[in-house]
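Biologist: I am new to this structure and would like to learn how to read it. Could you walk me through it step by step?

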Amino acid sequence: MKQNTSFYTVGRFLTYGELYQIKGLLTAQRIVHLVNEHGPHMGLNSGSCYYEVIVSGEDKDVAKRIIGKYKARKSIDRLRCPKCGHVNHKRVEIKSAIVKLYYMGTTLVQCTKCKKRFGI
Ligand SMILES: [Zn+2]
């Protein structure tokens, strides 16, 4: 049986939290993986580091699918209301300069279910 011994990066620029969750998903599927740590400060859980996940060629497609699903779920979770978990919201126009400053870099939205306002 011919084995594919090449290695592929299936995830990069991951935070430690993302790495921790992806490692759990890959391990559950018995996918052996390596982790490269990049950044100025070495040592796990350093805020300025990012991580890269590498798998063998034979696991590449399955690992990419697992990480793709993880990222899709994470991007949906980012849109969830922090109070009730609902995903539908509407954009809120900000009139106050102070509120604009507070939400700078994000978009202020209001949950259509519980009316909580939050930045996304
Ligand atoms: Zn809500």
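Modeller: We will go from the overall layout to the strands and then to a few single residues. This is a predicted model, in which local features need pLDDT of at least 70 and side-chain atom pairs count only at pLDDT 80 or more, while totals for chains, interfaces and linings use all residues. Residues are numbered from 1 along each chain as its sequence is written.

Biologist: Which helices and strands does the protein have, and in what order do the elements run?

Modeller: Helices (H or I, at least four residues) and strands (E, at least two) are DSSP runs, numbered from the N terminus. The protein has three helices and six strands, and from the N terminus the elements run β-α-β-β-α-β-α-β-β. The radius of gyration, taken over C-alpha atoms, is compared with a globule rule of 2.2 Å times the number of residues to the power 0.38. Here the radius is 19 Å, well over the 14 Å that the rule gives for 120 residues, so the protein is more spread out than a compact globule. Its C-alpha trace spans about 65 × 35 × 15 Å along the principal axes.

Biologist: What does the domain assignment give?

Modeller: Domain bounds come from an automatic or database domain assignment. For this protein it gives domain 1 (7-78) and domain 2 (89-119). Their centres, taken over C-alpha atoms, are separated by 32 Å.

Biologist: How do I read the pairing of β1 and β2 with β3?

Modeller: Two strands pair if DSSP finds at least two bridges between them. Strand β1 (residues 7-14) pairs with β3 in the antiparallel sense over five bridges, and β2 (residues 33-38) is joined to β3, also antiparallel, by six bridges. Look at isoleucine 54 in β3: threonine 9 has it as bridge partner, and leucine 34 stands opposite it.

Biologist: Which side chains of β3 are buried?

Modeller: A residue is buried if 20 or more other C-beta atoms lie within 10 Å of its own, exposed if 12 or fewer, and partly exposed in between, with C-beta atoms placed from the backbone. Along β3 (residues 50-56) the side chains alternate: Tyr51, Val53 and Val55 point to one face and are buried. Over the protein, buried residues make up 12% of the 120 residues.

Biologist: What is the strand order in the open sheet of three strands?

Modeller: The order is β4-β5-β6, with antiparallel pairing. β4 (89-91) and β6 are the edge strands, each pairing on one side only. Three bridges join β4 to β5, and arginine 91 has valine 109 in β5 as its bridge partner.

Biologist: Why does cysteine 111 count as buried?

Modeller: Cysteine 111, in strand β5 (residues 108-111), counts as buried because it has 20 C-beta neighbours inside 10 Å. Two residues are in contact if their C-beta atoms, placed from the backbone, lie within 7 Å. Not counting residues up to four places away in sequence, cysteine 111 touches Cys81, Lys83, Cys84, His86, His89 and Lys116.

Biologist: Where is lysine 115 found, and what is its phi?

Modeller: Lysine 115 is found in the loop between β5 and β6 (117-119), and has a positive phi of about 75° although it is not a glycine. With 11 other C-beta atoms within 10 Å, lysine 115 is exposed. Phenylalanine 13, in strand β1, is not a glycine either, yet has a positive phi of about 55°. Phenylalanine 13 counts as exposed, with 9 C-beta neighbours inside 10 Å.
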